[in-house]
Amino acid sequence: MAVMAQMPDKSGFVQIKVTPAYAGVFVDGKYMGPSMLFASKEKATRVRVGNHRVEVVEPYHETLVMDFQVTEGQYNEIAKELKANGKAPRSKVSAIITEGFGEAAIYLDNEYYGHAGRELRVRPGKFMLKLTSMDGTILREIKVEIRNRETLVVPRDGTPVVRKAS
């Protein structure tokens, strides 16, 4: 019986240099992490040969959508400055801080809002907060309410804590 060696998938690379550097990168709908992870040729993400769609998302900027074709061994570079969409609060109104989630994706009411590991400015309100790992696993999903000038700290384990602004 002949045994055939498994050949590795043919692939190319995508380098993503965008401003703001913390915008979320989605390749073919899958969350890959913040764009700063892919900003150099050495950090380019590997993708299979074929047609792909990259979306770069940040809630206070216009979403960048690019379709491209990858050939074997090719490096594709995306270098853009995202245009502000006018939705950003003019000053820090309220915030969410997550602890212990690495660079998981943060969703508020099922819309991508940013990644863990940085303070997210939000308008006061009630939200369904969901954190997912880069493989799509839901790490935490809770209902939260944030009032004006509050910071909600959400630890990986334990109860969220509200801090009032001084």
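Begin by selecting arginine 147 and glutamate 145, whose side chains form a salt bridge in this predicted model. The N to O distance to display is 3.9 Å, which falls within the 4 Å limit for such a pair. Colouring by accessibility places arginine 147 in the partly exposed class, at 48% relative accessibility. Glutamate 145 is likewise partly exposed, with a relative accessible area of 37%.

The structure holds four salt bridges, and two further examples are visited below.

Next, select aspartate 67 together with arginine 53. Their side chains meet in a salt bridge with an N to O distance of 2.7 Å. Aspartate 67 belongs to strand β6 (residues 64–70) and arginine 53 to strand β5 (residues 50–57), so this contact ties together parts of the chain that are 14 residues apart in sequence. Which class does the accessibility of aspartate 67 give it, buried or exposed? Aspartate 67 counts as exposed because its relative accessibility of 52% is over the 50% cut-off.

Finally, select lysine 17 and glutamate 77. A salt bridge joins these two side chains, at 3.1 Å from N to O. The pair links distant parts of the chain: lysine 17 is found in strand β1 (residues 11–19) and glutamate 77 in strand β7 (residues 75–81), 60 residues apart. Lysine 17 is partly exposed, at 36% relative accessibility. Glutamate 77, with a relative accessible area of 48%, is also partly exposed.

Notes. Residues are numbered from 1 along each chain as its sequence is written. This is a predicted model: local features need pLDDT of at least 70, side-chain atom pairs count only at pLDDT 80 or more; totals for chains, interfaces and linings use all residues. Side-chain values use heavy atoms; hydrogens and water are left out. Helices (H or I, at least four residues) and strands (E, at least two) are DSSP runs, numbered from the N terminus. Buried means under 20% relative accessible area, exposed over 50%, partly exposed in between (1.4 Å probe, protein chains only).
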